[in-house]
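Subject: Structure handover and notes

Dear colleague,

Please find below the structure that I promised to pass on to you.

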Amino acid sequence: MTGFAGASTLCRVLMTLGRSRATGRLHVEAGPCRGSLSLHEGSITAVRLLGAESKPLGDLLDANGAWDEARHAEALFDSDVAGPVGAWLVRHRVSSEAAVLDALRAQALSRVQLMCSWDAPELRFEDVSVPDPGRPLGRPLSFEPLPAPHLVLRMLRTWAQRIDPIL
């Protein structure tokens with residue numbers, strides 16, 4: 001099944017990083033798709049994707065009815081988007097902090113799900129025992145960190161449902 005090997009590889013590595021309470025970045029590459037997962041003490045604090053389709057934060061907030069379109073237009077007129085988008089949205093009262101945190105968590109889960117569908121991913125872990133201030137790990141205004149083992153179980157359940165049982 002396409003992607004299952006990638007899903008099991010990624011999940012196995014995430015389980016190991018979670019159990020070891022690792023802090024750093026897991027870089028994931030598969031062809032033109034690239035992404036990274038930031039971990040702090042074995043929990044995922046941020047997920048980034050390049051070259052893969054992911055729903056923008058604003059779309060997730062709008063779908064949940066947690067988006068003030070008029071306030072967003074005013075905020076864009078008054079200032080440039082600076083810093084993390086979620087923090088900017090809260091600062092300009094486009095959405096509530098609780099709604100942004102929920103949307104960030106949902107976005108992270110969907111991004112890891114996308115990574116699980118990539119065939120033959122190449123993984124590289126960058127240990128960051130002391131975070132570099134120039135390269136934050138996604139801790140300010142972040143969703144409640146996702147414990148890696150919790151995420152792995154969720155991903156494997158999803159992928160197990162896609163496998164045809166052997167008759």
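Predicted model: local features only at pLDDT ≥ 70, side-chain atom pairs only at ≥ 80, totals over all residues.

Residues are numbered from 1 along each chain as its sequence is written, and side-chain values use heavy atoms, with hydrogens and water left out.

I begin with strand β1, residues 24-30, of whose seven residues six are buried. Here strands (E, at least two residues) and helices (H or I, at least four) are DSSP runs, numbered from the N terminus, and buried means under 20% relative accessible area, exposed over 50%, and partly exposed in between, with a 1.4 Å probe and protein chains only. Strand β1 pairs with β2 (residues 33-40) in the antiparallel sense over seven bridges, and with β4, also antiparallel, over six bridges; two strands are taken to pair if DSSP finds at least two bridges between them. On the β2 side, Val28 has Gly35 as its bridge partner, whereas on the β4 side Leu26 stands opposite Phe125. Two residues lie between the strands in the hairpin of β1 and β2, where Gly31 takes a positive phi near 60 degrees.

A search of the whole structure finds three salt bridges, each being a side-chain nitrogen of Lys or Arg within 4 Å of a carboxyl oxygen of Asp or Glu. In one of them, Arg21 and Glu41 bring their closest N and O atoms to 3.1 Å, and this pair links distant parts of the chain, with Arg21 in the loop between α1 (4-19) and β1 and Glu41, 20 residues away, in the loop between β2 and β3 (43-50). Arg21 is exposed, because its relative accessibility is 52%, while Glu41, at 39%, is partly exposed. Arg34 and Glu29 form another salt bridge, at 3.6 Å from N to O; Arg34 is partly exposed at 38%, as is Glu29 at 31%. Glu74 and Arg71 meet at 2.6 Å, N to O, and because they are three residues apart in helix α3, about one helical turn separates them. Within this pair, Glu74 is partly exposed at 43%, but Arg71 is buried at 14%.

On the surface, Leu76, Val81 and Val85 form a nonpolar patch with about 230 Å² of accessible area together. Such areas come from the Shrake-Rupley method with a 1.4 Å probe, and for residues only the protein chains shown count as cover. Patches are made of residues with over 30% relative accessible area and no salt bridge, like charges being joined within 9 Å and nonpolar side chains (Val, Leu, Ile, Met, Phe, Trp, Tyr) within 5 Å. Val81 itself sits in the loop between α3 (69-78) and α4 (85-91).

Lastly, most residues other than glycine have a negative phi. Arg93, although not a glycine, has a positive phi of about 55 degrees and lies in the loop between α4 and α5 (97-116). Ala120 likewise has a positive phi, of about 45 degrees, and is placed in the loop between α5 and β4 (122-127).

With best regards
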